[in-house]
Amino acid sequence: MTERGEAKESGADVRLVALDTGIGDMPFGPEELLTDAQAEHKIEALRHFKEAYEAQMRSDLDEAVDLYKRSLDSYETAEAHTFLSWTYSFMGMTDEAIEECHRAIEVDPDFGNPYNDIGAYLIEKGDHYGAMPCLERAKGARRYEAYFYPHFNLGRVYEALRRPVEAMREYKAAMDLNPNYALAVHAFRRIQSLLN
């Protein structure tokens with residue numbers, strides 16, 4: 001956790017709080033001014049979030065759901081809604097996963113993950129045209145750590161719609177953003193060989 005500065009707001013001391021999830025470079029919510037009480041709730045939410053993520057990684061999905069909900073009860077973040085969504089998707093609950101992503105967007109419209117995830121869920125449901133605007137929003141999100149994912153997913157959409165040039169463009173963009181993303185590299189080469 002980092003804290004910078006202190007300000008007076010409505011007679012209460014507030015501080016700038018930024019929390020790290022410990023998952024890649026993803027922060028836990030935006031950097032924001034919070035009172036001491038709010039900061040404590042957010043720290044508690046982060047503790048539940050980390051426990052939920054550990055449960056999810058060991059495939060204890062019911063426990064993960066419970067812990068993500070505890071995180072949200074402590075302090076609502078787009079990250080907890082998004083990861084709860086991800087857990088629901090592993091449980092085959094795609095509609096519930098999409099709904100959680102919409103809740104994440106309500107909490108923080110600048111967070112890119114839920115837009116990409118909705119796009120991916122819609123692709124799974126065969127709704128390629130419905131996925132496109134979500135993936136475009138993810139590509140332009142201000143708070144996102146993995147812009148290569150929506151490019152890759154848009155490539156999947158264009159490939160399914162038999163638009164290989166556009167698919168190749170999106171796969172190439174994903175590769176440019178993350179040269180080690182093997183799925184994008186293989187997809188780009190596959191389309192390139194079809195066009196040659």
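Helices here are DSSP runs of H or I with at least four residues, strands are E runs of at least two, and both are numbered from the N terminus. The model is predicted: local features need pLDDT of at least 70, side-chain atom pairs count only at pLDDT 80 or more, and totals for chains, interfaces and linings use all residues. Residues are numbered from 1 along each chain as its sequence is written, and side-chain values use heavy atoms, with hydrogens and water left out.

Is Thr77 buried or exposed? I noted Thr77 as buried, because its relative accessibility is 3% (buried is under 20% relative accessible area, exposed over 50%, partly exposed in between; 1.4 Å probe, protein chains only). Leaving out residues up to four places away in sequence, I listed Phe28, Leu72 and Val107 as touching Thr77 (contact means heavy atoms within 4.5 Å).

Next I went through the whole chain. I counted 9 helices and 5 strands. From the N terminus, the order is β-β-β-β-β-α-α-α-α-α-α-α-α-α. The C-alpha atoms fill a box of roughly 65 × 35 × 25 Å along the principal axes.

I then noted burial and contacts. Of the 196 residues, 48% count as buried. Among contacts between residues at least 6 apart in sequence, 43% join residues at least 24 apart.

Last came the surface. The chain exposes about 10,100 Å², and carbon and sulfur atoms supply 49% of that area (Shrake-Rupley method, 1.4 Å probe; for residues, only the protein chains shown count as cover).
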